[in-house]
Amino acid sequence: MADSRRILKVEKELQQLIASYIARGVGQKLYGLVSVSRVQVTEKLRTAKVFISVLGSDEDRDNSMEILNERLKDIQKHVASKLSMRFTPRLSFTIDHGFEHMIKIESLLHDISKKRKSDQEEE
């Protein structure tokens, strides 16, 4: 079993390796602004869930995720060549909806603030 410090170190290293690979171009142009928001590794370091944020339309997000999943084997090979571990965690990509939720909440708070100001001006 890996300790929590090692897990965090592996997660950070994976995030940097995958992000740099994506930044150099995955072999195809990705749609929207794609970033690796975080990586979550299992306790035994066998699998890693890579959370991807895509700034753009839903179509951009879907297209970029499709490309990343098509190139998963190449990304896996790149990580294996750079990571100095006996076993390289098996990667899987998933959309990180955290940024979308943050924007939605910020928009709602802005609307509430605007409404309060207009209500105060009417008084």
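Reader: At what angle do the axes of α1 and α3 cross, and within what distance do they come?

Author: Axes here are lines fitted to C-alpha atoms, for helices over the stretch in contact, and angles run from 0 to 180 degrees between N-to-C directions; helices (H or I, at least four residues) and strands (E, at least two) are DSSP runs, numbered from the N terminus. In this predicted model, the axes of α1 and α3 come within 10 Å and cross at roughly 130°. The two helices are therefore oblique to each other, given that angles under 35 degrees count as roughly parallel, over 145 as roughly antiparallel, 65 to 115 as roughly perpendicular and the rest as oblique. This is a predicted model, in which local features need pLDDT of at least 70 and side-chain atom pairs count only at pLDDT 80 or more, while totals for chains, interfaces and linings use all residues. Residues are numbered from 1 along each chain as its sequence is written, and side-chain values use heavy atoms, with hydrogens and water left out.

Reader: Which hand does the crossing of α1 and α3 have, and which residues make the contact?

Author: A crossing is left-handed if the near helix is turned anticlockwise from the far one by less than a right angle, and right-handed if clockwise; α1 passes α3 in a right-handed crossing. Contact means heavy atoms within 4.5 Å, and here α1 contributes Leu14, Leu17, Ile18 and Tyr21, while α3 contributes Asp74, Ile75, His78, Val79 and Lys82. By class, this contact has six nonpolar, one polar and two charged residues, where Ala, Val, Leu, Ile, Met, Phe, Trp, Tyr, Cys and Pro count as nonpolar, Asp, Glu, Lys and Arg as charged, and the others, Gly among them, as polar.

Reader: Is His78 buried or exposed, and what is it in contact with beyond its neighbours in sequence?

Author: Buried means under 20% relative accessible area, exposed over 50%, and partly exposed in between (1.4 Å probe, protein chains only). His78 lies in helix α3 and is buried, with a relative accessible area of 11%. Leaving aside neighbours within four places in sequence, His78 is in contact with Leu17, Tyr21 and Arg24.

Reader: How many residues does the largest nonpolar core have, and which element gives the most to it?

Author: A nonpolar core is a set of buried Ala, Val, Leu, Ile, Met, Phe, Trp, Tyr and Cys residues joined through side-chain atoms within 4.5 Å. The largest one in this model has 28 residues, and those with the most contacts inside it are Leu14, Ile18, Ile22, Ile52, Leu68 and Ile75. Two or more residues come from each of α1 (4-23), β1 (33-41), β2 (47-55), α2 (58-70), α3 (72-82) and β3 (90-95), and α1 gives the most, with seven residues.

Reader: Where does Val26 lie, and what is it in contact with?

Author: Val26 lies in the loop between α1 and β1 and, at 1% relative accessibility, counts as buried. With neighbours within four places in sequence left aside, Val26 is in contact with Tyr21, Leu68, Arg71 and Ile75.
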